[in-house]
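Biologist: I am new to this structure and would like to learn how to read it. Please take me through it one feature at a time.

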Amino acid sequence: MTQYCTFYLANKHYALPMMDVQEVMLQQELTPVPLGSSVVRGLMNLRGNIVLSIDMRRRLRLPDSSPDQESVQIITQGPSGLVGWMVDQMGEVAELDPACSEMPPGTVSAASREVLQSVFQLETGLLLVLDAQKVLEMDHDRPEITQEGVRELA
Amino acid sequence: MNDDMQRQLIQDLVIESLEGLDSFDAEMLALEGSDGKAQDHLKLAFRMMHTVKGSSGCLGFETIEKVAHSGENLLSLLRDEVIPVSQPVISGLLRCSDALRDMVHCLEVGAAPETIPHSDLLQLLDSLQRADANDPVAGPTSPATSASSQAQPGWGLFEEEPLPSAIPAAVSSESIPEELPVAVQNLSSADNANENPGEEIPGKLGPNNATGAPRASESAIRVEVAQIDRLMNLVGELVLARNRILQLTGAMSDPALNGPVQRVNLITTELQASVMKTRMQTVQTVWSKFPRLVRDLSHDLGKKVVLTMEGQDTELDRTVIEAIRDPLTHIVRNSIDHGLELPAARLASNKNETGQLRLTAFHEGGQVVLEIADDGRGIDPARVSKKAIERGLISADDAARLSEREILNLIFQAGFSTAEKVTNLSGRGVGMDVVRSNVEKIGGTVEINSSVGEGTTIQIRIPLTLAIIPALLVGCGGNRFAIPQASLLELVRLDPSNSTRSIEWVDAAPVLRLRGKLLALLDLGQALGLRSQPPAEDAFVVVVEAGGRKFGVLVDSVLDTEEIVVKPLHRLLKSLGVYAGATILGDGQVALILDIAGLAKRNGMSATRKLVEAESTQGQTVVDDGAKSLRLLMTRVAQNRVAFPLEEVTRIEEIPANSVERSGPREVLQYRGRIMPLVRIGDCLGELRSTHPPDLIHVVVCQLRGTQAGLIIDQIEDIFEERVKIERFGNERCVAGSLVAGGKIADLLDLERIAEFAGFERRP
């Protein structure tokens, strides 16, 4: 049996393997990163460590939540530092047998499929398990902002 | 060489060697496990053996050096696939490592390493070298009789080169040294010791039965940097919590609470300082080894070398110190061995027979720069490319396409060595590649500049990752950013009513006329996409220099200066190239640190620089009329104009006049958590008093004889950069002379005399 940390995004039920999760914290004030990808919401201070906050709605190409919607940060330790996953709301901790999970169906959107590890059929609905590594592989969708040419005074 | 230093060097050698040998064993075992990465294991093992050999050789422990050298020879044959990896060979190498470990233990307790039997081992290693692929079992049972290692089959990269005589001596059993250190004679019977010490000494003189002195490895412990990082983070949090407590108790003003809170306050401050200190070390910790190294090497090679070191106090992070230790040693060795010529050759090419080796360390553009410069023969790009082609590192076509600079950088390739002979010191093709890989591991860069006949300069740039740096906090578009003070030149506040203090436009590029020169401006808000409208008319220009570019950064506001702890950025943000890191500010919020060089590059600031430079040299006829170019901070004290040499000025502050307190006869100020003595320049110049004392006083913060002091003046006027001629009329105290700047006469202050006048003690 494996423990999963579950959470909600746009009323859908998602999960991360518990092993990847360090802690959960309430939304904090973020320092935005100009020129950064729109998925990067900013940086925050977690007991002296810098945490990069990723907007999971944007990462999964879901519509933005309303500005007054409260959110939660799930802190994971990635290979390149701490990452906070900004999600709408936490769910229960689920103890499930990975053998019972299924591959994501081919009909889910490409944005979701690339980060989906597996799907559990729960009585309450589907639980989509994300692959923490894949979620962070997103250099490619960083919008490239280039300055117009080289300025020359002459 | 004093004893303490000697002991320190030996201790370092012991710790370094024991660690190296442990990893060596691990590599050997992995090699035996044949996981298909034999070359990698061999390379690592080779480096470790090389380090043990090098360090022990430097300290004059010939026996250790000799044994390591034999091991290294055998490894190089394995690496070059002249002999196959086989179990006897690995056993032999492990035995070699065991013997070395025992010898190093001897050093630790002050015994002579010669007391460890090693002649059998040398024979064994020697015979293993001659075992060819079809006969892998030549081992200890069939000790070789030939003492000649000239007959060794192949030397890999160096096979065409004759071996220096030192090597046969080292690998042959017959030529065990005739002269023996006194220590050995004391330990065994003098007669026998002269014959063959290793075999005659009964038993093994391990560390256990030697003196009871504590082991080096016990008096110091190695702590993982991650552990210290954690400690530092926690202390940072403690500081923030402390600040909140101070605020709360300040409001409550409960005397019972105040005592303990003040104690917590003090302890926290001290704790923070201690933890910070744990991480920082001056570059001197690495450099202190070099005078000895240079002396011994130059002595051995018959060269004359003078070593000069500048910037020993440059502080580096512990991890950085560790990472640059080996690269620096390699480069210094290379410079003496290959770079500097023999005295006769130097005289022949019209140089002083004594070669110069200069080590410099300084901060630049938020990086630490370490330079190793020699005035030797330099590196010939033609020879480098020829060798690189010979060694198959590049094709002849490639070589033709490469620039001189790129060719020089080939020496950082693994397996490259242009030395005509393999000496005991360097030239085995390990070295420069290790230098580069070690420096790159911590995110640094290595560059080489050389001109034939004039010398070579190697520049190592290490990023400020993990370092603590002073930074200027600026505001832009509602965000706060930190600009490393290392890249900061000055601040200019724009003033729309003054044409030399407002933005002008050349085409679409904003510029500022700064003291008669055009300074290209970069609007931070626009560059970071924070706003599209032009900056406010009373914005600030932060004049910076980084990566060889000087330009102004337009920001909305200047907030504060703060010592910040640089934290590395997540991989996802590094690629943006405009942030050098992030930091946590006093209020617990995160701020990004700007990478000035990266920002300039991204916004194409380099093109403007040439123009600015061209303009600055143009129309400036250089006549030697005794005038020199000075940057001056012009101030006013009563009716006098008083100039400070700008490079002496740390900061300029404006403070309420009533915050000046007294301590003894002195006026003092609480400044950044410390007590800063104040000196009234008016008093220095002879009782000049302004007619009406202002509410705000201006303080120029300087170092007076090593003490931070505040010099009180009435008014700040401007900064000038001019060629000025300093004239003296009499012996005015505290004044270096009079000069004309900005069309008016001013007195140039002499800070040393002010320190004298104000009675400052000389401090280191």
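Modeller: Helices and strands here are DSSP runs, a helix having at least four residues and a strand at least two. Keep in mind that this is a predicted model.

Biologist: How many helices and strands does chain B have?

Modeller: There are 26 helices and 29 strands in chain B.

Biologist: How do I check the length of a helix, say α5 of chain B?

Modeller: The expected span is 1.5 Å times one less than the number of residues. Helix α5 of chain B covers residues 119-130, so its 12 residues should span 16 Å. The C-alpha atoms at its ends are 17 Å apart, which agrees.

Biologist: Is α5(B) mostly covered or mostly open?

Modeller: A residue is buried if 20 or more other C-beta atoms lie within 10 Å of its own. By that count, 9 of the 12 residues of α5(B) are buried, and the helix is mostly covered. Among them are B:L121, B:L122, B:D126 and B:Q129. For chain B as a whole, 37% of the 764 residues count as buried.

Biologist: What share of the contacts in chain B join residues at least 24 apart?

Modeller: Taking contacts between residues at least 6 apart in sequence, the share is 66%.

Biologist: How many residues of chain A are in contact with chain B?

Modeller: On chain A there are 26, and they are in contact with 32 residues of chain B. Strands β4 (40-46) and β5 (49-55) of chain A each supply at least two residues of that side. β4(A) gives the most, with 4 residues.

Biologist: What kinds of residue make up the side of chain A that touches chain B?

Modeller: That side divides into 13 nonpolar, 8 polar and 5 charged residues.

How values were computed: Residues numbered from 1 in each chain as written. Chains lettered and ligands numbered in written order. Predicted model: local features only at pLDDT ≥ 70, side-chain atom pairs only at ≥ 80, totals over all residues. Contact = placed C-beta atoms within 7 Å. Nonpolar A, V, L, I, M, F, W, Y, C, P; charged D, E, K, R; others polar.
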